[in-house]
Amino acid sequence: MIDNEINYDSEPVANAGDNSSNPTTSAYPDWRKDDNTLTNAGLPDEEQEWFCDARPQPARKSWQPIEDFLNWARANSLWILAFGTGCGAIELRPLVTSRYDISRLGMQPRPTPRQANVFMIGGYVSIKTLKRIVRSYEQMQGPKFVVAVCSCAINGGMYWDSYNTVKRIDEYIPVDVYVTGCMPRPEAVLAGFTKLKELIKAGKAEGQNLYAEKFDWYKENQKKVIKDWNMPDYNW
Ligand code: SF4
């Protein structure tokens, strides 16, 4: 597991799939209105009114003792979005079956983002998959957390110079815990979830709030590589 070392003051990243000659130019420059709401410009006219144009906001904190109790409850009820992005996702199977049986630790895989609060990115991330990752992450209920599993998701791994995979998933959605390896053993993934629990209990798993605070930076990065943006600018 490593610390997050992202520079949010940097220009939008130039990355895989980026064929633009100007690395600071978004493929969709008109996604913000003057009043700072979202244009949802990628949607056809008939779908414009189906989606909200508001930005995500950082979650408000409760009185600290209440917040501590909520964090304890959150840490012991992790519902994992079972979305395998690459070969590393195979490690979810031994975690949920009899050998490690994560149900006894308050964790459970779920089939849909609407029911999940933990997104496990399990391997390399292609440009096509990134679009689904963004949409799934934004659709998840909050408070929500991300665990990036595998070197490929964290630093590009063996796909570092690939034309169709991104190098760092944390330049597109916030990551709370990183589990390195190719592929990490189930024990390492379990250690990652244990670390996530510690962070949640300590009130330090703040990726969701980071996403809301640095929304423009993340969105510019996403739009730089996702060329066929036919979804809302924020998927409520
Ligand atoms: S790090 Fe290894 S196991 Fe994980 S996605 Fe990459 S190639 Fe597959």
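Pro143 sits in the loop between helix 3 (127–139) and strand 4. Helices here are DSSP runs of H or I with at least four residues, strands are E runs of at least two, and both are numbered from the N terminus. A cis peptide bond joins Gly142 and Pro143, with omega at about -5°. This is a predicted model: local features need pLDDT of at least 70, side-chain atom pairs count only at pLDDT 80 or more, and totals for chains, interfaces and linings use all residues. Residues are numbered from 1 along each chain as its sequence is written.

A cis peptide bond also joins Cys182 and Met183. Here omega is about -20°. Met183 lies in the loop between strand 5 (177–179) and helix 5. Most peptide bonds are trans, and most residues other than glycine have a negative phi.

Two residues have a positive phi without being glycine. Asn36 has phi near 75°. Asn36 belongs to the segment before helix 1. It counts as exposed because it has 9 C-beta neighbours inside 10 Å. Asp101 has phi near 45°. Its place is the loop between helix 2 (92–96) and strand 2 (107–110). With 12 C-beta neighbours inside 10 Å, Asp101 counts as exposed too.

Now to the ligand. Around it stand Gly86, Cys87, Gly88, Gly123, Tyr124, Cys150, Ser151, Cys152, Gly157, Met158, Cys182 and Met183. A residue is near a molecule if its C-beta atom, placed from the backbone, lies within 6 Å of it. The shell holds seven nonpolar residues, five polar and no charged. In this count Ala, Val, Leu, Ile, Met, Phe, Trp, Tyr, Cys and Pro are nonpolar, Asp, Glu, Lys and Arg are charged, and the others, Gly among them, are polar.

Next comes the core. The largest nonpolar core has 51 residues, and Ile121, Val147, Ala148 and Ala153 touch the most other members. Strand 4 (residues 145–149) gives the most to this core, with five residues. Such a core is a set of buried Ala, Val, Leu, Ile, Met, Phe, Trp, Tyr and Cys residues joined through C-beta atoms within 7 Å. Beyond its neighbours within four places in sequence, Ala153 is in contact with Thr85, Ile121, Gly123, Tyr124, Val125, Ala148 and Ile169. Contact means that the two C-beta atoms, placed from the backbone, lie within 7 Å.

Helix 3 has 13 residues. It reaches 19 Å from its first C-alpha to its last, close to the 18 Å expected at 1.5 Å a residue. The expected span is 1.5 Å times one less than the number of residues. The buried residues of helix 3 are Thr129, Leu130, Ile133, Val134 and Tyr137. Down the helix axis they fall within an arc of 145°, so they line one face of helix 3. The arc is that of the directions from the axis to the C-beta atoms. These buried residues pack against strand 3 (118–122) and helix 7 (215–225).

Helix 1 (residues 64–75) buries Asn71, Arg74 and Ala75. These fall within an arc of 90° down the axis of helix 1, so they line one face. What covers them includes helix 5 (186–201). The face turned away from the buried side carries the exposed residues Pro65, Ile66, Phe69 and Ala73.

Terms used. A residue is buried if 20 or more other C-beta atoms lie within 10 Å of its own, exposed if 12 or fewer, and partly exposed in between; C-beta atoms are placed from the backbone.
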